Amino acid sequence: MGSRIEINGDNAFLVIAQNIERRKEAEELRLKDQAAIEALVEKRTRYLSDEITERRFMENAIREQQERVQAILDSVDDAIISISSEGIIQSFNRGATKVFGYIEEEVIGRNVSIFMPQIDKPEYGADIFNKFLTRTPNMIGNSREIEGRKKDGSRFQMNLEINEIVWNG
């Protein structure tokens with residue numbers, strides 16, 4: 001860098017010199033750091049991409065398994081109903097629709113006692129099913145012939161088998 005200046009009528013030049021080694025070293029260090037960061041970002045992006053691909057694969061496998069199980073359940077003419085330990089209906093197959101006359105959306109979240117004939121004693125209420133289970137010896141795992149109730153209120157004889165399912169989840 002140079003500038004022309006005049007000193008006492010004579011031409012002179014002012015020379016300014018800068019040591020740019022430190023600036024070059026800093027720039028080289030910045031570029032190395034940037035390259036290292038970009039390499040880490042690329043590695044992490046590949047890892048996340050692989051994780052997303054694996055998750056999608058697993059979700060598809062689970063969905064296909066659920067569809068297979070549902071297809072099996074729906075191919076059965078018998079009513080298959082899953083309930084919570086409190087007697088709340090959680091799933092309802094097509095066979096249950098044929099047997100009881102309800103569609104799944106009408107029963108999910110309701111107490112299974114809707115399939116039991118009303119008993120004229122007020123103490124039975126909505127938890128009749130739970131009381132039935134606790135008052136009937138050896139009910140789980142065994143079949144019993146009982147009276148059921150359809151959506152239209154009509155009663156019919158049915159064979160009831162209750163099995164307990166335990167899973168981690």
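The model is predicted, and the protein has an average pLDDT of 82, with 78% of the residues scoring at least 70.

**Overall make-up and confidence**

- The protein holds four helices and six strands, which follow one another from the N terminus in the order β-β-α-β-β-α-α-α-β-β.
- Of its 169 residues, 18% count as buried, and the protein exposes about 13600 Å², of which carbon and sulfur atoms supply 52%.
- Among the contacts with a separation of 6 or more, 23% come from residues 24 or more positions apart.
- Mean pLDDT among the elements is lowest in strand 1 (residues 2–7), at 54, and highest in helix 3 (residues 104–107), at 95.
- Over residues 120–126 the pLDDT stays under 50, and for this stretch the model has six contacts beyond four places in sequence.

**The hairpin of strand 3 and strand 4**

- Strand 3 (residues 81–83) pairs with strand 4 (residues 89–92) in the antiparallel sense, over three bridges, and Ser82 has Ser91 in strand 4 as its bridge partner.
- Five residues stand between the two strands of this hairpin, and Gly87 takes a positive phi near 85 degrees there.
- Ile88 counts as partly exposed because its relative accessibility is 30%, a value in between the limits of 20% for buried and 50% for exposed.
- Leaving aside neighbours within four places in sequence, Ile88 is in contact with Ser82, Ile83, Gly109, Arg110 and Asn111.
- The C-alpha atoms of Ile88 and Val107 are 9.0 Å apart, the two residues being separated by 19 residues along the chain.

**Helix 1**

- Met58 is found in helix 1, which covers residues 21–75, and together with Phe57 and Ile62 it makes a nonpolar surface patch of about 320 Å².
- Met58 has a relative accessible area of 40% and is therefore partly exposed.
- Asp74, also placed in helix 1, counts as buried because its relative accessibility is 16%, which is under the 20% limit.
- Beyond its neighbours within four places in sequence, Asp74 is in contact with Asn93 and Arg94.

**Salt bridges**

- Side chains of opposite charge can pair when their charged atoms come close.
- With a cut-off of 4 Å between a side-chain nitrogen of Lys or Arg and a carboxyl oxygen of Asp or Glu, the count comes to seven salt bridges.
- Arg46 and Glu42 form one of them, with their closest N and O atoms 2.9 Å apart; both residues lie in helix 1, four residues apart, or about one turn of the helix.
- Both partners of that pair are partly exposed, Arg46 with a relative accessible area of 46% and Glu42 at 48% relative accessibility.
- Lys151 forms a salt bridge with Glu106, the closest N and O atoms being separated by 2.5 Å.
- Lys151 sits in the loop between strand 5 (143–149) and strand 6 (155–161) while Glu106 belongs to helix 3, so this pair ties together parts that are 45 residues apart in sequence.
- Lys151, at 43% relative accessibility, counts as partly exposed, and Glu106 is partly exposed with a relative accessible area of 27%.
- Glu147 forms a salt bridge with Arg155, where the closest N and O atoms are 3.2 Å apart, and Glu147 is partly exposed at a relative accessible area of 31%.

Technical notes
Residues are numbered from 1 along each chain as its sequence is written. This is a predicted model: local features need pLDDT of at least 70, side-chain atom pairs count only at pLDDT 80 or more; totals for chains, interfaces and linings use all residues. Side-chain values use heavy atoms; hydrogens and water are left out. Patches are made of residues with over 30% relative accessible area and no salt bridge: like charges are joined within 9 Å, nonpolar side chains (Val, Leu, Ile, Met, Phe, Trp, Tyr) within 5 Å. Accessible areas come from the Shrake-Rupley method with a 1.4 Å probe; for residues, only the protein chains shown count as cover. Buried means under 20% relative accessible area, exposed over 50%, partly exposed in between (1.4 Å probe, protein chains only). Two strands pair if DSSP finds at least two bridges between them. pLDDT is the predictor's confidence in each residue, from 0 to 100. Contact means heavy atoms within 4.5 Å.
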